[in-house]
Amino acid sequence: MEIKSSDRINRRTAHFLAQQQNHIQRLNDQGIKVINLGRGNPDLPTSPNIVEKLNEESLNPKNHGYPPYGGKESLKIEIINFYLKEYGVHLQRDEVTIFNGSLAALTALPMILVNPNEVILSPDPAFFGYQNGAYMAGGKVYRMELTAKNRYLPDLKQIPADIRKKAKLMFLNYPHNPTGAGATSDFFENVVHFAEKNEIVVAHDFAYSDISFGKKAPSFLATRNAKTVGVEIYTLSKTFNMAGWRIAFAVGNRKVIKLLKQYVQSSLGGTFGAIQDAASFALKTQDMERANLKQTYLTRRNVALSILKEAKIEVLPSAGTFFLWVKLPLDSADDIEFAKKLLEKKHIAVVAGSTFGSKGRGYLRVSLVSSTTVIKEGMTRLVDFIKNSYN
Ligand SMILES: Cc1ncc(COP(=O)(O)O)c(C=O)c1O
């Protein structure tokens, strides 16, 4: 019997990264060590005291049964306290729900809000999860261009009237993967007006909330009336080095939160109670660790930026995230070919900008989840290769 995959799964965008992973494996098999500046997986371990909390709570038999679908009340209370302390945002318990990782929440949103052939607005370039989630729900995607000219903030006026009518959901993400750009509170205010006027739900992906340099990254929910139009998705993956734990939450609009809970109940189930207890502990106790982590990424960013700037390579001085958005010297540069050759010849992995959408063409995403020594070596080889390829 020939097993056929569905159109939904075929439409996902994962080709570049899957091919790159195979390429890295082939090089490793030949004994070649690759410097991986492509991945988005934090390199540092979770704080030992969070791990200890998990160990302790895993012994509690109360955690051995099915967890409550929307999450433990104790975790919801910590989330409410955290949002008030960090962002001055007041939340009620029915405005919070727990997810096993933010990717699951981002994929759930089109499923609960969008019917086949309705439209989802997603930035270009953007994290692959929005587009894949939209396809899984049978929705159509309209890409909002992010360019250096518009400071990587979508120009909402450019969205055509017929698209606005069909659009049910808009994804945003600041600090932004892959460019590292930040949003302003003014921009978020415009988004709320636009969403109210056009009846579009906003989902702000706040994955890099804490990794912001200079000004603290604003929460979308701190914008006036934001709760009437949308939700924010917060993950512990990056801020707390807990990517493998799969713990995140959605906060904001009560109706959307209710629908998300229904989705969890009918598909994902809940998250292991001991992980939820460890997450409560993390939200409550890690102010110093979070500040140190931010400083670590800032140091790495500055090391990489100074090497690129000295070589006169165009790069956005990131407002946040652990990524740098590096422009290849020619507008017409084929970033996919370049990234493949860079890996083959210099053994450096970076992600080609086009992977994130057509507006990423001619760019590379360099990630800073390695030590400064490794970053220095990787950036030096990258700069050499750019110079040799384009001079
Ligand atoms: C912008 C963005 N959103 C969401 C995620 C997914 O995070 P999680 O580990 O919570 O699924 C990532 C992971 O790389 C990301 O970069």
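Which residues do ring pairs link into a cluster? In this predicted model, the cluster is made up of Phe-82, Tyr-83, Tyr-87, Phe-206, Tyr-234 and Phe-249. The structure as a whole holds 21 aromatic pairs, and two of them are set out here.

| Pair | Geometry | Centre to centre | Angle between planes |
|---|---|---|---|
| Tyr-83 and Tyr-87 | tilted | 5.2 Å | 55° |
| Trp-325 and Tyr-363 | stacked | 4.9 Å | 5° |

Tyr-83 and Tyr-87 both belong to helix H4 (residues 73-87), where a spacing of 4 residues separates them by about one helical turn, and both of these tyrosines are buried. The pair of Trp-325 and Tyr-363 is built from two strands, S9 (residues 323-327) for Trp-325 and S12 (residues 363-367) for Tyr-363, so this pair ties together parts that lie 38 residues apart in sequence. Trp-325 is buried, with a relative accessible area of 1%, and Tyr-363 is likewise buried, with a value of 12%. The ring of Tyr-363 also has the charged end of Lys-327 sitting over it, 5.9 Å from the ring centre.

Is Thr-223 buried or exposed? Its relative accessible area is 10%, so Thr-223 counts as buried, the cut-off being under 20%. A polar atom of the Thr-223 side chain lies 2.6 Å from the backbone oxygen of Phe-220, and, leaving aside residues up to four places away in sequence, Thr-223 touches Phe-188, Glu-189 and Val-192.

Notes
Residues are numbered from 1 along each chain as its sequence is written. This is a predicted model: local features need pLDDT of at least 70, side-chain atom pairs count only at pLDDT 80 or more; totals for chains, interfaces and linings use all residues. Side-chain values use heavy atoms; hydrogens and water are left out. Buried means under 20% relative accessible area, exposed over 50%, partly exposed in between (1.4 Å probe, protein chains only). A polar contact is a pair of N or O atoms within 3.5 Å; within protein, one must be able to donate a hydrogen and the other to accept it, and residues adjacent in sequence count only if both atoms are side-chain atoms. Contact means heavy atoms within 4.5 Å. Rings of Phe, Tyr and Trp (its six-membered ring) pair if their centres lie within 6.5 Å; planes under 30 degrees apart count as stacked, over 60 as edge-to-face and the rest as tilted. A charge sits over a ring if NZ of Lys or CZ of Arg is within 6 Å of the ring centre and within 35 degrees of the ring normal.
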